[in-house]
Amino acid sequence: MLAAYPASIDAVIRGEGEASFAELAQALDAGRDWRQTSGLSYLDAHTRRCVRTASRPAIEQLDALPFADRAVARRAIAKHRKIEIGILAQRGCPFPCSFCNANRFLSNEAITAVRQRSAEHVVAEMVQLAPLIVENRSFLRFYDATFVTQSRRNRAWIDDFCTALEQRKLRIPFDVFVRANSFDLNKPGDQALITRLKSVGMISTYIGLESGSDDTLALYNKHVNASDSENMFEYFRSQHIQGSTNGCMTFQQDSTLADIAQTVRFLRRLGLCSLWNCLSRAETLPGIKLEMRTHKRETCWDVYNYQFTDSRVARLYAVLYSIHANHSSIKLEDGLVRALRDRLRIESFYAPHAMDWLGLEHALEARIGAMQAVTSEFVLGLIDQLPGWNETMLEHAIHQYLGALDQALDALHASYGWLLTLPISAVTTRPHHANCVH
């Protein structure tokens with residue numbers, strides 16, 4: 001990054017920035033040599049080589065940090081702009097997935113253990129955020145890499161977290177990242193924990209599904225198989241806390257057509273088969289362990305600097321990417337479904353008795369399923385027939401697909417677009433002191 005933009009970027013702060021950024025600002029303000037700041041990388045003006053100062057130790061006592069300044073969020077809400085409000089309860093990730101750099105990046109170059117804020121500290125910030133969230137008629141996103149694990153330490157923290165919310169009688173809707181093995185559904189205690197989290201406000205769960213192919217999951221070092229992911233997702237769906245979308249990486253360097261077909265069918269069963277998800281691709285993020293036979297990055301942001309081993313996979317990806325790049329319907333297909341699912345979940349939280357939300361959800365999912373059938377059949381048709389198609393046949397198939405997709409999108413928006421136009425003023429309950437209950 002420093003070498004690519006020498007005229008624009010003087011320095012980069014590595015790892016956690018709170019202390020390093022403050023020290024850098026103080027040095028600049030006082031006219032001191034800012035190059036002595038710990039946790040800094042900069043390009044030497046004479047040698048043009050990158051210089052790394054000493055790494056800064058990770059912050060162990062996260063409760064010592066102040067709450068984030070939400071002034072920008074308040075200004076946005078005052079202008080009636082929809083925003084997302086997020087929070088971090090933990091820093092770090094205990095899982096060494098080969099495609100991800102969270103385990104290394106979030107450890108701040110120093111430790112691998114997950115560091116936690118106290119549950120009471122997190123809930124105190126939630127109390128502060130409650131009026132903003134309710135006024136924005138939205139939900140709180142927890143950006144922890146994995147909010148729930150099966151470790152004793154994590155489960156003790158989750159218990160403290162739920163207890164603190166229950167004692168304060170605070171209930172605001174929130175969303176969390178989990179894994180397919182965050183819970184053991186064979187244990188009644190884990191099912192009870194899911195119920196308890198739902199009772200204190202958990203309305204949505206984002207699972208890192210990654211793939212419907214067990215071979216690909218093994219390559220990704222997930223330590224789960226596709227049936228684990230599907231079972232967990234279906235359980236969340238039965239509890240009406242499945243996420244509006246979930247992580248997926250359909251393509252990787254050594255993908256086979258069979259791997260991709262498995263994932264497309266997997267996504268179709270879960271109601272996640274947008275072309276966006278079918279097109280998703282593993283990225284060559286700095287620090288990942290997934291071995292890639294890469295070529296030079298075109299820019300420092302280039303995270304797709306590898307070629308597919310199978311030429312048929314390469315052509316399939318090129319076709320799908322071209323459709324995505326040239327037709328706005330593809331982003332709308334994914335974005336509209338996410339927005340409708342999120343809005344239904346939010347509205348049913350704030351106004352549970354306003355209408356038959358369960359019936360509406362079933363009808364919405366049926367309409368989404370019909371639309372995603374168009375995409376899954378198109379992609380699977382490409383996998384089966386693309387090798388024998390010429391450009392004329394391909395153009396005809398794409399034209400038919402986009403026409404059918406546009407019709408499905410129009411029908412979906414005509415039937416359920418009203419969910420996205422509900423006024424913020426429709427909120428019937430405001431938080432009272434520390435309470436926000438529906």
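Student: Which residues lie nearest the centre of the largest pocket, and how many residues line that pocket?

Tutor: Rolling a probe the size of a water molecule over the atoms shows where empty space is left. In this predicted model, the lining of the largest pocket consists of 42 residues, and those nearest its centre are Phe-99, Tyr-206, Glu-210, Gly-247 and Cys-248. The space inside comes to about 1,200 Å³.

Student: Which elements give two or more residues to that lining?

Tutor: They are the strands β7 (140-142), β8 (174-178), β9 (202-210) and β10 (247-248), together with the helices α10 (275-279), α11 (311-326) and α12 (329-350). The most comes from β9, which gives five residues.

Student: What is the make-up of the lining of the largest pocket by class?

Tutor: There are 21 nonpolar, twelve polar and nine charged residues.

Student: How many residues line the second largest pocket, and which lie nearest its centre?

Tutor: Its lining has 20 residues, with Met-1, Val-12, Arg-14, Phe-105 and Pro-286 nearest the centre. About 790 Å³ of space lies in this second largest pocket. At least two lining residues come from each of β1 (11-13), β3 (50-52) and α3 (102-105). By class, eleven residues of the lining are nonpolar, four polar and five charged.

Student: Turning to helices, what should the 26 residues of α14 span at 1.5 Å a residue?

Tutor: Helix α14 (residues 391-416) should span 38 Å, and its end C-alpha atoms are 37 Å apart, which agrees. At the start of α14, the backbone nitrogen of Thr-392 has a side-chain oxygen of Asn-390 within 3.1 Å.

Student: Which residues of α14 are buried?

Tutor: An α-helix has 3.6 residues a turn, so residues three or four places apart point the same way. In α14 the buried residues are Leu-394, Ala-397, Ile-398, Tyr-401, Leu-402, Leu-405, Ala-408, Leu-409, Leu-412 and Tyr-416. Among the elements covering them are α10, α11, α12 and α13 (357-385).

Student: How far apart are the end C-alpha atoms of α5?

Tutor: They are 24 Å apart; the 17 residues of α5 (residues 152-168) should span 24 Å at 1.5 Å a residue, which agrees. Just after this helix, Lys-169 has a positive phi of about 55°.

Student: Which residues of α5 are buried, and what do they pack against?

Tutor: Buried here means under 20% relative accessible area. The buried residues of α5 are Asn-154, Arg-155, Trp-157, Ile-158, Phe-161, Cys-162, Ala-164 and Leu-165. These pack against the strands β5 (90-91), β6 (115-116), β7 and β8, and against the helices α4 (119-135) and α6 (188-199).

Technical notes. Residues numbered from 1 in each chain as written. Predicted model: local features only at pLDDT ≥ 70, side-chain atom pairs only at ≥ 80, totals over all residues. Heavy atoms only, no water. 1 Å grid on protein atoms, 1.4 Å probe; cavity = no way out; pocket = protein on both sides within 12 Å on 5 of 7 lines; lining within 4 Å. Points joined across faces, edges and corners; volume = space filled by probe spheres on them. Helix = DSSP H or I, 4+ residues; strand = E, 2+ residues; numbered from the N terminus. Nonpolar A, V, L, I, M, F, W, Y, C, P; charged D, E, K, R; others polar. Expected span 1.5 Å × (residues − 1). Buried < 20%, exposed > 50% of the residue type's maximum accessible area, 1.4 Å probe, protein only. Contact = heavy atoms within 4.5 Å. Polar contact = N/O pair within 3.5 Å; in protein donor to acceptor, adjacent residues only side chain to side chain.
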